[in-house]
Amino acid sequence: MKTHILNTGLDLAMEWGEHWLHPIQTRLASLFPELNGEELDYCNEICQAAMHMGCDLAGEPPLYLPTSEVIPEKRTMTRVWKNYCQQMKAQHPWISEANLEKMYSQGRYHALK
(Lines give C-alpha, C1' and ligand atoms only; values in the text may rest on other atoms or scores of the structure.)
Protein backbone atom coordinates (compact mmCIF):
# COMPACT_ATOMS: atom_id res chain seq x y z
CA MET A 1 0.00 0.00 0.00
CA LYS A 2 1.26 3.49 -0.82
CA THR A 3 2.80 5.46 2.03
CA HIS A 4 0.58 8.51 1.49
CA ILE A 5 -2.52 6.34 1.94
CA LEU A 6 -1.11 4.78 5.11
CA ASN A 7 -0.16 8.19 6.50
CA THR A 8 -3.60 9.56 5.69
CA GLY A 9 -5.10 6.54 7.45
CA LEU A 10 -2.87 7.07 10.46
CA ASP A 11 -3.86 10.71 10.59
CA LEU A 12 -7.52 9.62 10.57
CA ALA A 13 -6.84 7.04 13.30
CA MET A 14 -5.30 9.72 15.54
CA GLU A 15 -8.21 12.13 15.03
CA TRP A 16 -9.59 13.57 18.27
CA GLY A 17 -13.27 13.90 19.03
CA GLU A 18 -16.08 11.69 17.78
CA HIS A 19 -13.74 9.54 15.66
CA TRP A 20 -11.19 8.82 18.42
CA LEU A 21 -10.29 5.10 18.38
CA HIS A 22 -12.91 4.36 15.72
CA PRO A 23 -12.21 2.35 12.58
CA ILE A 24 -11.07 4.44 9.63
CA GLN A 25 -12.41 2.45 6.66
CA THR A 26 -15.43 4.67 5.86
CA ARG A 27 -13.49 7.93 6.13
CA LEU A 28 -10.57 6.51 4.17
CA ALA A 29 -12.89 5.19 1.44
CA SER A 30 -14.29 8.68 0.93
CA LEU A 31 -10.75 9.95 0.29
CA PHE A 32 -9.55 6.94 -1.73
CA PRO A 33 -12.58 5.41 -3.47
CA GLU A 34 -10.30 3.12 -5.50
CA LEU A 35 -9.51 1.04 -2.40
CA ASN A 36 -11.48 -2.18 -1.97
CA GLY A 37 -12.80 -3.52 1.33
CA GLU A 38 -9.79 -5.75 1.94
CA GLU A 39 -7.38 -2.86 1.40
CA LEU A 40 -9.40 -0.60 3.68
CA ASP A 41 -9.42 -3.26 6.41
CA TYR A 42 -5.66 -3.76 6.03
CA CYS A 43 -5.02 -0.04 6.27
CA ASN A 44 -7.21 0.23 9.38
CA GLU A 45 -5.39 -2.68 11.00
CA ILE A 46 -1.88 -1.38 10.33
CA CYS A 47 -2.72 2.23 11.22
CA GLN A 48 -4.42 1.28 14.49
CA ALA A 49 -1.44 -0.93 15.40
CA ALA A 50 1.02 1.87 14.61
CA MET A 51 -1.00 4.40 16.60
CA HIS A 52 -1.22 2.15 19.66
CA MET A 53 2.48 1.28 19.49
CA GLY A 54 3.45 4.93 19.11
CA CYS A 55 1.31 6.13 21.99
CA ASP A 56 2.42 3.28 24.26
CA LEU A 57 6.07 3.82 23.39
CA ALA A 58 5.84 7.56 24.06
CA GLY A 59 4.59 6.80 27.56
CA GLU A 60 7.33 4.34 28.54
CA PRO A 61 10.53 5.35 30.32
CA PRO A 62 13.10 6.37 29.26
CA LEU A 63 11.29 7.71 26.20
CA TYR A 64 8.74 9.64 28.22
CA LEU A 65 9.72 12.91 29.77
CA PRO A 66 6.92 14.78 31.55
CA THR A 67 6.35 18.26 30.19
CA SER A 68 6.92 19.69 33.66
CA GLU A 69 10.37 18.07 33.93
CA VAL A 70 13.28 20.40 33.40
CA ILE A 71 15.62 18.93 30.84
CA PRO A 72 19.16 20.01 31.72
CA GLU A 73 20.41 19.62 28.17
CA LYS A 74 18.67 19.81 24.84
CA ARG A 75 20.74 16.75 23.93
CA THR A 76 18.59 14.61 26.24
CA MET A 77 15.39 15.35 24.37
CA THR A 78 17.12 14.87 21.03
CA ARG A 79 18.30 11.43 22.16
CA VAL A 80 14.81 10.54 23.38
CA TRP A 81 13.22 11.70 20.13
CA LYS A 82 15.76 9.83 17.97
CA ASN A 83 15.24 6.65 19.97
CA TYR A 84 11.46 6.96 19.61
CA CYS A 85 11.73 7.53 15.85
CA GLN A 86 14.12 4.62 15.38
CA GLN A 87 11.85 2.21 17.22
CA MET A 88 8.75 3.36 15.35
CA LYS A 89 10.45 3.33 11.94
CA ALA A 90 11.80 -0.18 12.59
CA GLN A 91 8.23 -1.48 12.77
CA HIS A 92 6.47 1.04 10.53
CA PRO A 93 8.99 2.53 8.05
CA TRP A 94 6.25 4.33 6.12
CA ILE A 95 5.31 6.76 8.92
CA SER A 96 5.87 10.42 8.10
CA GLU A 97 7.72 12.82 10.38
CA ALA A 98 4.50 14.78 10.93
CA ASN A 99 2.64 11.67 12.07
CA LEU A 100 5.53 10.65 14.33
CA GLU A 101 5.42 14.04 16.03
CA LYS A 102 1.64 13.93 16.43
CA MET A 103 1.71 10.37 17.79
CA TYR A 104 4.48 11.17 20.25
CA SER A 105 2.59 14.22 21.46
CA GLN A 106 -0.62 12.22 21.93
CA GLY A 107 1.27 9.45 23.73
CA ARG A 108 2.80 11.94 26.15
CA TYR A 109 -0.59 13.54 26.72
CA HIS A 110 -2.19 10.19 27.57
CA ALA A 111 0.71 9.19 29.81
CA LEU A 112 0.15 12.33 31.86
CA LYS A 113 -3.57 11.61 32.31
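Read along the sequence, the protein chain runs α-α-α-α-α. That comes to five helices and zero strands. Helices here are DSSP runs of H or I with at least four residues, strands are runs of E with at least two, and both are numbered from the N terminus. The model is predicted, so local features need pLDDT of at least 70 and side-chain atom pairs count only at pLDDT 80 or more, while totals for chains, interfaces and linings use all residues. Residues are numbered from 1 along each chain as its sequence is written, and side-chain values use heavy atoms, with hydrogens and water left out.

Start with the chain as a whole. It has 113 residues, and 37% of them are buried. Buried means under 20% relative accessible area, exposed means over 50%, and partly exposed lies in between, using a 1.4 Å probe on protein chains only. Now take the contacts, defined as heavy atoms within 4.5 Å. Of those with a separation of 6 or more, 64% join residues 24 or more positions apart.

Next, helix α1. This helix spans residues 3–13. Its buried residues are I5, L6, N7, G9, L10, L12 and A13. The cover over them includes α2 (25–31), α3 (37–58) and α5 (97–112).

Look at α1 against α3. Their axes come within 9 Å and cross at roughly 60 degrees. That angle makes α1 oblique to α3. Axes are lines fitted to C-alpha atoms, for helices over the stretch in contact, and angles run from 0 to 180 degrees between N-to-C directions. Under 35 degrees counts as roughly parallel, over 145 as roughly antiparallel, 65 to 115 as roughly perpendicular, and the rest as oblique. The crossing of α1 and α3 is right-handed. In a right-handed crossing the near helix is turned clockwise from the far one by less than a right angle; anticlockwise makes it left-handed.

Which residues meet? From α1 come I5, L6, G9, L10 and A13, and from α3 come C43, I46, C47, Q48, A50 and M51. The residues of this contact of α1 with α3 divide into nine nonpolar, two polar and no charged. Ala, Val, Leu, Ile, Met, Phe, Trp, Tyr, Cys and Pro count as nonpolar, Asp, Glu, Lys and Arg as charged, and the others, Gly among them, as polar.

Helix α3 also packs against α5. The angle is about 55 degrees, with the axes 7 Å apart. α3 and α5 are therefore oblique to each other. Their crossing is right-handed. On the α3 side the contact uses A50, M51, G54, C55 and A58; on the α5 side it uses M103, Y104, Q106, G107 and R108. By class, the contact of α3 with α5 has six nonpolar, three polar and one charged residues.

Now the cysteines. The structure holds zero disulfides, a disulfide being a pair of cysteine sulfur atoms within 2.5 Å. C47 is in no disulfide, and its nearest cysteine sulfur, that of C43, is 3.8 Å away. C47 counts as buried because its relative accessibility is 0%. C85 counts as buried too, at 12%.

Last, the loop between α2 and α3. F32 is found there. Is F32 buried or exposed? It is buried, with a relative accessible area of 11%. Leaving aside neighbours within four places in sequence, F32 is in contact with H4, I5 and T8. F32 and I5 are 27 residues apart in sequence, and 7.9 Å apart in space, C-alpha to C-alpha.
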